[in-house]
Amino acid sequence: MAKRRVTFTFPPELITEPVIHNLGQQFKVVTNIRRADVTEDRGWVVLELDGDDRDIDEGIAWVTSKGVRVDPVGGDVVEG
Amino acid sequence: MSYATALRCRECGREYPQEPINVCEVCFGPLEVAYDYESIARDLSRDKIAAAPASMWRYKELLPVSGEVIDIGTGFTPLTKADNLGRELGLRQLYLKNDCLNPTYSFKDRVVSVAATKAKEFGFSAIACTSTGNLAGSVAAHAARAGLKAYIFIPADLEQGKILGAAIYNPTLIAVNGNYDEVNRLCNELADKYPWGFVNINIRPYYAEGSKTLGYEVAEQLGWRAPDHAVVPVASGALLVKIWKGLNELSMLGLIGPVSTRMHATQAAGCAPVVEAFRAGTHIIRPVKPNTIAKSLAIGNPADGYYALKTIGESGGAASAATDAEIVAGIKLLAESEGIFAETAGGVVVSGLRHLVAEGAIKRDELVVAFITGCGLKTLEAVADSVVSPPIIQPTLASFEQMYGERAL
Ligand SMILES: Cc1ncc(COP(=O)(O)O)c(C=O)c1O
Ligand SMILES: [Zn+2]
């Protein structure tokens, strides 16, 4: 089992869709929300994904294919 | 001895012991160093600072280190009044904080000096980073000085000059063949797995504190006062947030009066997630894919973007972006008017400042400090095509005069 800490950033058209709920339903991944900020036209959710590495990867691929951007918690680590 | 007391979560306020960690276990918010300001206020004075060496470490009481520091000669860089550039931009009191004049030619020496010191305190035998240039050189140099191993990850397509600027210190350099997101992902995995002091991951709370010294120095150099405006280049956003923190700490300690500095962010138009969010009137950043010649500012998903936006808002500042053409024009204007050759981030600041004046965010008589954070020799390719190459003459007076004639008299 693995845990991964990620940020989901949502585009406007997905704000009202239950993406995180569906992620938990369709993949063997437990989602654990820690913080979020969502407004009418944009939003982010910080959460922990708990499951097998492969399931987490598949789940993230699916979320990404929906149009959600997935980043490691803490933002970019490549610097100038 | 250190006046730092704990790491504190910026979101939920939970405290943690000072260890190499950067994220709150509960809410995953970023951790920040907390200090015992009462003791600092008792022990620190203007006189004591003024008597200390001309280095960033003259403010050691306000940095989270206990023992001997890893110092390669960083800080207390010149603050120069820029009347020529000021005239050009319509400003009467413009100052440039020239951080090109650090040991590895950028402000990154400030953050890395703290990070290397801390890594050593924690007992790490290696420090690491992922960088497109400035950070790589600085980490490699500090590792050399500290006797630490350095693991430095760079994009496989990085320019030769930048590779050299790090390679000369003989770190372990690893070129990664992957896109930006893949490199980010790899480095997070590396940081989880290897026992390194990853300067901007597990050492980040300490690392970032180094930028406060820019705020301290500017206030001291202005005769113990904060400027009316600070114009700052933004990548992760940490620099802008920490300059603000530095100024406010001085005020809290009674070393300067109340701070009414407006903090302005400047970014390259090809990577402006903070400017875009500012304009949209939100604190929520939409990550972007960077596409700009200002590689040192090309962070698409800035770690401190949210806090930078909060700081801009709290301080009454603004934000502006410069196109690649404006960046080159800004570099040239700074060089031709003030004799300072900055890298692309400096071009962003100069052109961003021009926009801020034009928009009325900065008024003619106000005291402005523009932060020039890296040296132009690092990004020669950015301006190579836009400076004229010299005409060739014969080694005779006649040849010279044929070319220039009376004009030279
Ligand atoms: C020259 C230069 N200026 C400014 C910055 C911005 O700093 P920050 O990432 O703290 O916003 C960077 C680095 O990332 C840089 O290399
Ligand atoms: Zn927290």
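Biologist: Where in chain B does B:Arg364 lie?

Modeller: Keep in mind that this is a predicted model. B:Arg364 is in the loop between α14 (344-358) and β13 (367-372) of chain B.

Biologist: What is B:Arg364 in contact with, leaving aside its neighbours within four places in sequence?

Modeller: B:Gly90, B:Leu91, B:Arg92 and B:Gln93. B:Gln93 is 271 residues away along the chain from B:Arg364, yet their C-alpha atoms are separated by 7.9 Å.

Biologist: Now a helix. Which one holds B:Ala143?

Modeller: Helix α5 of chain B, residues 134-146.

Biologist: Buried or exposed, that B:Ala143?

Modeller: B:Ala143 counts as buried because its relative accessibility is 1%, and the buried class is anything under 20%.

Biologist: And which residues is B:Ala143 in contact with, apart from those within four places in sequence?

Modeller: The contacts are B:Ile127, B:Leu148, B:Lys149 and B:Ala150.

Biologist: Where is B:Phe76 found, and how exposed is it?

Modeller: B:Phe76 sits in the chain B loop that runs between α2 (46-51) and β4 (79-81). Its relative accessible area is 25%, so B:Phe76 is partly exposed.

Biologist: What about the phi of B:Tyr105?

Modeller: Positive again for a residue that is not a glycine, at about 70°. B:Tyr105 belongs to the loop between β5 (93-98) and α4 (108-121) of chain B. With a relative accessibility of 45%, B:Tyr105 counts as partly exposed.

Biologist: On to chain A. How many helices and strands does chain A have?

Modeller: 2 helices and 5 strands. Read from the N terminus, the order is β-α-β-β-α-β-β.

Biologist: What radius of gyration does chain A have, against that of a compact globule?

Modeller: Chain A has 12 Å, and a compact globule of 80 residues would be near 12 Å, so the two agree. Along the principal axes, the C-alpha atoms of chain A fill a box of roughly 35 × 35 × 20 Å.

Biologist: What share of chain A is buried?

Modeller: Buried residues are 51% of the 80 in chain A. Of the chain A contacts with a separation of 6 or more, 67% are between residues 24 or more positions apart.

Biologist: Last topic, the interface. How many residues are in contact between chain B and chain A?

Modeller: 41 residues of chain B touch 27 residues of chain A. The two chains bury about 2900 Å² between them, and 51% of that is on carbon and sulfur atoms.

Biologist: Which three residues supply more than any other three of the area that chain B buries?

Modeller: B:Phe28, B:Ile284 and B:Arg286, which supply 26% of the area that chain B buries against chain A.

Technical notes
Residues numbered from 1 in each chain as written. Chains lettered and ligands numbered in written order. Predicted model: local features only at pLDDT ≥ 70, side-chain atom pairs only at ≥ 80, totals over all residues. Heavy atoms only, no water. Helix = DSSP H or I, 4+ residues; strand = E, 2+ residues; numbered from the N terminus. Rg over C-alpha atoms; globule rule 2.2 N^0.38 Å. Buried < 20%, exposed > 50% of the residue type's maximum accessible area, 1.4 Å probe, protein only. Contact = heavy atoms within 4.5 Å. Buried area = accessible area lost by both parts, 1.4 Å probe.
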